Amino acid sequence: MIIVGIDEAGRGCWAGPLVAAAVVLNEPIVGIGDSKILTRKKRELLDQLIRSHALSYGIGWVSAAEVDKLGLTAATSRAMTSALEAISCDYDEIVIDGNYNYLPTNSSAVAVIKADATVPAVSAASILAKVARDSYMLQLSQELPQYQFEAHVGYGTALHLELLLKYGVSEHHRKSYKPIQKILSAQHDKLSDR
């Protein structure tokens, strides 16, 4: 049975794109696993191996502005659909990591909890999505060094919050997210008080 594994990175982030990857493996790749428990160096090595050995793979991107416009569920579906469209080989089943099927109109798609740790193609997708997104956030940190995106990659950490309060919200932040809305509202109130 040929499986397309799909996973995403950045769903919960306050800033940056939402990225999904779809992978069909040709053969087992040693060391593959849930991207969250691998070191950055290990993920980057595996990313190269997956790209060179996979039967097919695709990466789908949805910007912060699109996440705001579409909402998180539709944005995740769009990223996954885009990643899947790049798959150039035949397959029997699509396995999506998690408890929600983001491709409900595709009869081949199923959601499997912890698939990123148990289904090799999904583990591979989780690695590709995470490495692609982290690389993007690293580039973004060079454009906007004050936000230190290289340190928190857009997640809602104490450091990220501190920098947001100091420098305000950038165009790369998700303005539909409650913590960002709160900061925008506080900034607006400050301006109104002047």
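Buried means under 20% relative accessible area, exposed over 50%, and partly exposed in between, with a 1.4 Å probe and protein chains only as cover. The model on display is predicted: local features need pLDDT of at least 70, side-chain atom pairs count only at pLDDT 80 or more, and totals for chains, interfaces and linings use all residues. Residues are numbered from 1 along each chain as its sequence is written, and side-chain values use heavy atoms, with hydrogens and water left out.

**Whole chain**

Followed from the N terminus, the order is β-β-α-β-α-α-β-β-α-α-α-α-α. The C-alpha trace spans about 65 × 35 × 25 Å along its principal axes. Colouring by accessibility shows that 47% of the 194 residues are buried.

**Largest nonpolar core**

Next, select Val 4, Ile 6, Ile 94, Ile 96 and Leu 103, which touch the most other members of the 33-residue largest nonpolar core. Such a core is a set of buried Ala, Val, Leu, Ile, Met, Phe, Trp, Tyr and Cys residues joined through side-chain atoms within 4.5 Å. At least two residues of this core come from each of strand E1 (3–9), strand E2 (18–24), helix H3 (72–85), strand E4 (93–97), helix H5 (120–143) and helix H8 (178–193). H3 gives the largest share, five residues.

Centre the view on Ile 96. Leaving aside neighbours within four places in sequence, Ile 96 is in contact (heavy atoms within 4.5 Å) with Ile 6, Met 80, Asn 101, Tyr 102, Leu 103, Ala 109, Val 110, Ala 111 and Val 112.

**Two loop residues with positive phi**

Move to Gln 148, in the loop between H5 and helix H6 (149–152). Gln 148 is not a glycine, yet has a positive phi of about 50°. This residue counts as partly exposed because its relative accessibility is 29%.

Then select Val 153, in the loop between H6 and helix H7 (158–167). Val 153, also not a glycine, has a positive phi of about 40°. With a relative accessibility of 13%, Val 153 counts as buried.

Key. Helices (H or I, at least four residues) and strands (E, at least two) are DSSP runs, numbered from the N terminus.
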